[in-house]
Amino acid sequence: MKLTILVGTMTSTADYVAQAIEMDCADLVAAIEVRLMDDLDSGIFDVEKSNDTLYLICTSTYGSGDVPDNAQAFYESLAFQPQFLGHVRYGVIALGDSGSHQSTFCFGGKKFDERLRDLGAQRVGEICCLDASSEALPETAGVHWCREWLAKAGCEGS
Ligand SMILES: Cc1cc2nc3c(=O)[nH]c(=O)nc-3n(C[C@H](O)[C@H](O)[C@H](O)COP(=O)(O)O)c2cc1C
C-alpha cells in the first residue's frame, strides 16, 4: 500500500506535518508521496492511481473557514469535474485554531471531507484536528495519529 499526502497550506505548518509523517511512518507503507495541492485536480484520484493508494488530506483553514489559497483550485475541481470516487480510501488531518476561530474550527479539512464523501469516497477513521491553540506540537500529534490511522487502514508494515 502507498500513501499519498495532499497538502493545503498557507504558512507551511501542514507541510511540516506531512514531512514528519513521511519520515516517521515509512516503516508502515511501501511508499509515501507528499504533494502540495497547488497543481492538483481531480485526476489525482484516477482509478489506476488509486488502486493501491491511501490518500491523506492534510490541510489548514483560512479566511472564515475556507481552504487555503493553494487548495482552492483543487477543491473547486472536485465540484466542477465531479467523478465517482468509490474506489478512493482517504483520511483527513485538519489544522485550525480553536482559540481564535471557534465557529469555523478546522473547516478546511472538514470541507474536503464533505466533498469527498459526496463523491462516494470512503473515509477511514475519524478526522484528526490539530489545534494551534493546543500545546501539542502538530508534527508530533500528526505522526501519532497517522500511525494509528494506518494500522486501522490495514497497513501494519511493508
Ligand atoms: C487569517 C487567518 C485565518 C484563519 N482562519 C481560520 C479558521 O477559520 N478556522 C480555523 O480553525 N483556523 C483558522 N486559522 C488558523 C490556521 O488554520 C492554523 O494556524 C493552521 O495551523 C495554519 O496552518 P498552515 O501554516 O499550514 O497554513 C486562520 C489563521 C489565519 C492567519
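## Strands β4 and β6

Strands β4 and β6 run parallel and are joined by 4 bridges. Two strands count as paired if DSSP finds at least two bridges between them. Helices (H or I, at least four residues) and strands (E, at least two) are DSSP runs, numbered from the N terminus. A94 has C129 in β6 as its bridge partner.

In a regular strand the side chains alternate between the two faces of the sheet. A residue is buried if 20 or more other C-beta atoms, placed from the backbone, lie within 10 Å of its own.

## Basis of the model

This is a predicted model, in which local features need pLDDT of at least 70, side-chain atom pairs count only at pLDDT 80 or more, and totals for chains, interfaces and linings use all residues. Residues are numbered from 1 along each chain as its sequence is written.

## Around the ligand

The ligand has 22 residues around it, and T11, T13, S60, G96 and H101 come nearest. A residue is near a molecule if its C-beta atom, placed from the backbone, lies within 6 Å of it. Both α1 (13-24) and β4 (89-96) supply at least two residues of this shell.

## Residue L85

L85 lies in the loop between α3 (69-80) and β4. L85 is buried, because 22 other C-beta atoms lie within 10 Å. Leaving out residues up to four places away in sequence, L85 touches F45, L116, L119, G120 and A121; contact means C-beta atoms, placed from the backbone, within 7 Å.

How values were computed. A residue is buried if 20 or more other C-beta atoms lie within 10 Å of its own, exposed if 12 or fewer, and partly exposed in between; C-beta atoms are placed from the backbone. Two residues are in contact if their C-beta atoms, placed from the backbone, lie within 7 Å.
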